[in-house]
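Here's a quick tour of one protein model, written for someone who likes the cut-offs spelled out. Have a look at the structure first, then read on.

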Amino acid sequence: MRNPRTIAPTRRSLLTAGGALGLGALLTACGGGSSDSGSTDNAAGGGKSGAWSFKDDRGRTVKAGSTPRRIVAFTGTAAALHDFGIECVGVFGPTRLKDGKPDPQAGELDVDRLTVLGNAWGEFNIEKYAGLRADLLVSNMFEPEALWYVPEESKKKILGLAPSVGLTAARVSMLEPIKRYAALAESLGADLKAKKVTDAKARFEAAAETLRKATKANPVKVMAASGSADLFYVSNPAVNADLMYFRELGVDFVVPEKLDQGGYFESLSWENADKYRPDLILLDSRTSALQPKDLAAKPTWEKLPAVQAGQVSPWLSEPRFSYAGCAPLLEALASAIEKAKKTS
């Protein structure tokens, strides 16, 4: 399966036949929220006037008469909000694996209690969404204005049903999205001084320091990559939020030379997959990407020094932006770097 970030122009709607019946009436009944890009207030939910507002990363200030309670979000987004103490009623995006277990992007969500509007790229059941009577939709943005996993061809209908918030997930260091999710959660009523949140932040900060020390003690070359049937993607540490932060902590990444449109990665044919020869490979662990067992039949993969040395570590390339979600990623990377050996 191709990396979803490479197929944005060809998103397809899997709305079931008849799903649009009566949609016009629903759209009329459920109006979208107002937006005022000139306003900068970011009031916490339940302010003096009872009104709520939040300025998102599109520069839009979303407003409501009261704090939103019926929130629908991209799965990883909902998982991040959960870590800060805010629950959603519905999700869209990778939520369940084929065996029925929660997808890694679901984090600590109790997926059995959520309405799943779509589990794969292009899936978003508008009729179900309308039935949820959502008062806010939230998602990441890897590109400006593009809400992640909201299908392009049906976004006008979807965004007409409730106000939306988009938070940047790329071209900024990982700390920034975490802070923005914390701010959104606080505006929705979360207590950022709750023990669960402060403990997670302390763990995150300790893990960051551990990674910083590991990179100094063992400066190995690291490559973040993703595999598909036809192509091997080498990720750009100057664009991906997590890689940007890891780099700030001292991780020495392979920097791809010939970037694809968008700047996220360099696409290599499998014949040329050995162009870069790192000591440690971080391999995309999303369900859309091939895993080591799937790649074993690729001769160039098997010949990579890092693969031969057993120095391949899972990489959740779409982290959930919370301290609880990102601390284990820092810990795992620190451990992998501590154990890695130079391969040349």
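## Asp83 and its partner

The side chains of Asp83 and Ser322 make a polar contact at 2.6 Å (a pair of N or O atoms within 3.5 Å; within protein, one must be able to donate a hydrogen and the other to accept it, and residues adjacent in sequence count only if both atoms are side-chain atoms). This is a predicted model, where local features need pLDDT of at least 70 and side-chain atom pairs count only at pLDDT 80 or more, while totals for chains, interfaces and linings use all residues. Residues are numbered from 1 along each chain as its sequence is written, and side-chain values use heavy atoms, with hydrogens and water left out.

Asp83 sits in helix H2, residues 75-84 (helices are DSSP runs of H or I with at least four residues, strands are E runs of at least two, and both are numbered from the N terminus). With 5% relative accessibility, Asp83 is buried (under 20% relative accessible area; exposed is over 50%, partly exposed in between, using a 1.4 Å probe and protein chains only). Skipping neighbours within four places in sequence, Asp83 is in contact with Glu108, Lys196, Val197, Arg320, Ser322, Ala324 and Gly325 (contact being heavy atoms within 4.5 Å).

## Thr77, also in H2

Helix H2 holds Thr77 too, and Thr77 is buried at a relative accessible area of 1%. Its side chain has a polar contact of 3.4 Å with the side chain of Asn140. Neighbours within four places aside, Thr77 is in contact with Val138, Ser139, Asn140 and Tyr181.

## H6 against H11

How do H6 and H11 cross? The axes of H6 (residues 195-217) and H11 (residues 323-339) come within 8 Å, at roughly 20° (axes are lines fitted to C-alpha atoms, for helices over the stretch in contact, with angles from 0 to 180 degrees between N-to-C directions). That makes the two helices roughly parallel (under 35 degrees; over 145 is roughly antiparallel, 65 to 115 roughly perpendicular, the rest oblique).

Among the residues making the contact are Phe204 and Leu211 of H6, and Leu330 and Ile337 of H11. The contact residues split into 15 nonpolar, two polar and four charged (Ala, Val, Leu, Ile, Met, Phe, Trp, Tyr, Cys and Pro are nonpolar; Asp, Glu, Lys and Arg charged; the others, Gly among them, polar).

## The whole chain

Overall, the protein has 11 helices and 14 strands. Of its 344 residues, 51% count as buried.
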